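Reader: I am new to this one. Could you walk me through its inside?

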Amino acid sequence: MNRALSSCVVYFCLAFAFGKNEDTHTLHKRLLLNDPDIAATRLANVEAAVQLLKGTVSKLEAGLQAEKNKNAEHEINISQMTSTLKKLQDQGSTYIQWGKTSCSSIGTETIYSGYVAGQLFYSSSSYQNRFGGPANTLCLPNNPKLSNRTTQSYSFIYGAEFEENFLRSDAINENIPCAFCRSLNTTSSSMFPGRNICYSDWKIEYEGYIMSGYWGHRASTYICVDAHPDYVHGGKADEIGQRFYVTSTKCGSLSCPPYHDNLAVNCVVCSK
């Protein structure tokens with residue numbers, strides 16, 4: 001009797017809570033929510049969903065870790081490439097650009113500007129038939145650190161002049177400048193005589209013509225003078241020193257072809 005009364009009370013309480021007009025079938029369905037079998041089934045479904053979510057989360061975490069590993073590898077690669085790039089930027093090859101006051105090529109820095117210098121082209125003394133002494137040409141810097149010691153005057157070095165108007169219409173007697181250059185991101189520089197373009201994979205620094213001393217004077221060296229030279233300021237006077245002329249080919253022991261007689265010799269300075 002008490003149980004039946006309790007059931008009625010519960011029934012009417014639920015009816016009151018869900019609305020007096022709700023039909024008995026709907027209320028019965030809601031009451032079935034408390035059924036142990038239904039609760040167990042739903043719990044099992046929830047547990048299955050939780051396990052599925054755990055699997056998904058586990059996969060996501062594994063994927064995230066893989067991405068972290070990839071990012072770490074990328075950072076290592078970037079660090080290595082940055083280090084390599086810095087080494088490339090720090091390296092460079094050097095050459096002298098004869099006839100210019102500064103280095104003209106892109107990606108090249110001027111270490112110093114200076115003056116072309118060498119030995120006297122001949123001796124006007126009683127020893128004029130003695131053709132000894134150095135033959136090489138130097139690029140003396142325009143900001144020297146001078147010694148304080150005198151010499152015995154057995155060897156001298158002089159400035160250099162153009163002795164003809166081959167490169168420019170006003171070049172004769174002009175003193176010749178030079179620049180010591182560093183080509184960035186390269187490991188070697190070389191002058192190629194007989195060409196005005198570089199070989200494959202080489203970068204051009206400048207082009208010009210081979211020049212040297214007169215064949216009847218003291219020995220000199222062949223240098224590649226820029227095709228569009230500058231002059232040393234105030235150096236127009238005809239002074240004794242080293243003199244430069246454009247060098248010509250001479251057939252005979254020199255194979256012709258590919259060369260031809262009495263032509264100016266091209267030259268190009270290239271880096272790689």
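**Inside the model**

Author: Start with one residue. In this predicted model, Val116 touches Trp98, Thr137, Leu138, Tyr158, Gly159, Ala160, Ile176, Pro177, Cys178, Gln242 and Phe244, leaving out residues up to four places away in sequence.

Reader: Is Val116 buried or exposed?
Author: Val116 lies in strand 2, residues 108-118. Its relative accessible area is 1%. Buried means under 20%, so Val116 counts as buried.

Reader: Which residues have the most contacts inside the largest nonpolar core?
Author: That core has 25 residues. Strand 1 (92-98), strand 4 (158-162) and strand 7 (203-212) are among the elements that give it two or more. Nonpolar side chains tend to be buried together in soluble globular proteins. The residues with the most contacts inside the core are Trp98, Val116, Phe162, Met211, Val225 and Phe244.

Reader: Which residues is Met211 in contact with, leaving aside neighbours within four places in sequence?
Author: Met211 is one of the core residues with the most contacts inside it. Contact here means heavy atoms within 4.5 Å. By that rule, the partners of Met211 are Phe162, Leu167, Thr221, Tyr222, Ile223, Val225, Phe244, Tyr245, Val246 and Thr247.

Reader: What is the volume of the largest cavity?
Author: The count comes to one cavity of 30 Å³ or more. Its lining includes Gln119, Phe121, His217 and Arg243. The lining residues divide into four nonpolar, five polar and two charged. The volume of the largest cavity is about 60 Å³.

Methods: Residues are numbered from 1 along each chain as its sequence is written. This is a predicted model: local features need pLDDT of at least 70, side-chain atom pairs count only at pLDDT 80 or more; totals for chains, interfaces and linings use all residues. Side-chain values use heavy atoms; hydrogens and water are left out. A nonpolar core is a set of buried Ala, Val, Leu, Ile, Met, Phe, Trp, Tyr and Cys residues joined through side-chain atoms within 4.5 Å. Buried means under 20% relative accessible area, exposed over 50%, partly exposed in between (1.4 Å probe, protein chains only). Helices (H or I, at least four residues) and strands (E, at least two) are DSSP runs, numbered from the N terminus. On a 1 Å grid over the protein atoms alone, a cavity is a set of points where a 1.4 Å probe fits but cannot get out, and a pocket is an open set with protein on both sides within 12 Å along at least five of seven lines; lining residues have an atom within 4 Å of a point. Grid points are joined across faces, edges and corners, and a volume is the space filled by probe spheres set on the points. Ala, Val, Leu, Ile, Met, Phe, Trp, Tyr, Cys and Pro count as nonpolar, Asp, Glu, Lys and Arg as charged, and the others, Gly among them, as polar.
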